[in-house]
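Hello,

My notes on it follow.

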Amino acid sequence: QVQLVESGGGLVQPGGSLRLSCGVSGTIFSINIMGWYRQAPGKERELVATISGANAIYADSVKGRFTISRDNTENTVHLQMNRLKPEDTAVYYCNYSVRRLGSWVDYWGQGTQVTVSS
């Protein structure tokens, strides 16, 4: 089994910063991609950023403001969010995508609320 535990959400004023963290425990797969997605009320879940090895991909809306990083020795992934905007308000989900038997399998955290408001 795989478990993902997120932390770091909360309420912040526009222009502020937050750092999200996600730890993966249980079965660890050598081929994997870690990332963050978010879902705002009434909207579909969308990709925020993913990282595989040293390669990171960002949504256009967060480029230059958010930074994703991972620590493979501790199986954690972080999302540093700077210059936050009200439109960044959403539930943020950690994602652990692994290669199993020739297919990609997704594991998800429980979600952490990020609210950007004055």
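**Aromatic rings, charges and a disulfide**

Trp108 counts as partly exposed, because its relative accessibility is 35% (buried means under 20% relative accessible area, exposed over 50%, and partly exposed in between, with a 1.4 Å probe and protein chains only). Before the rest, a word on the source: this is a predicted model, in which local features need pLDDT of at least 70 and side-chain atom pairs count only at pLDDT 80 or more, while totals for chains, interfaces and linings use all residues. Residues are numbered from 1 along each chain as its sequence is written, and side-chain values use heavy atoms, with hydrogens and water left out.

Now the aromatic rings. A pair of aromatic rings is described by the distance of the centres and the angle of the planes. Rings of Phe, Tyr and Trp (its six-membered ring) pair if their centres lie within 6.5 Å; planes under 30 degrees apart count as stacked, over 60 as edge-to-face and the rest as tilted. The count here is two aromatic pairs.

Trp108 pairs with Tyr37: the ring centres are 5.1 Å apart and the planes stand at 75 degrees, so this pair is edge-to-face. Tyr37 is in strand β4 (residues 32–39) and Trp108 in strand β10 (residues 103–108), so the pair links distant parts of the chain, 71 residues apart (strands are DSSP runs of E, at least two residues, numbered from the N terminus).

The other pair, Tyr96 with Tyr107, is tilted, with 6.4 Å from centre to centre and 40 degrees between the planes. Tyr96 belongs to strand β9 and Tyr107 to strand β10, so this pair ties together parts that are 11 residues apart in sequence. Tyr96 is buried at 2% relative accessibility, and Tyr107 is buried at 17%.

What sits over the ring of Trp108? The charged end of Arg45 does, 4.6 Å from the ring centre. Arg45 also lies over the face of Tyr93, at 3.8 Å from the ring centre. A charge sits over a ring if NZ of Lys or CZ of Arg is within 6 Å of the ring centre and within 35 degrees of the ring normal.

Last, the disulfide (a pair of cysteine sulfur atoms within 2.5 Å). The count is one disulfide, and it joins Cys22 to Cys94 with an S to S distance of 2.1 Å. Cys22 lies in strand β3 (residues 18–26) and Cys94 in strand β9 (residues 90–100), 72 residues apart. The link of Cys22 and Cys94 is left-handed, with -85 degrees about the S-S bond. Cys22 is buried at 1% relative accessibility, and Cys94 is buried at 0%.

Regards

Technical notes
Helix = DSSP H or I, 4+ residues; strand = E, 2+ residues; numbered from the N terminus.
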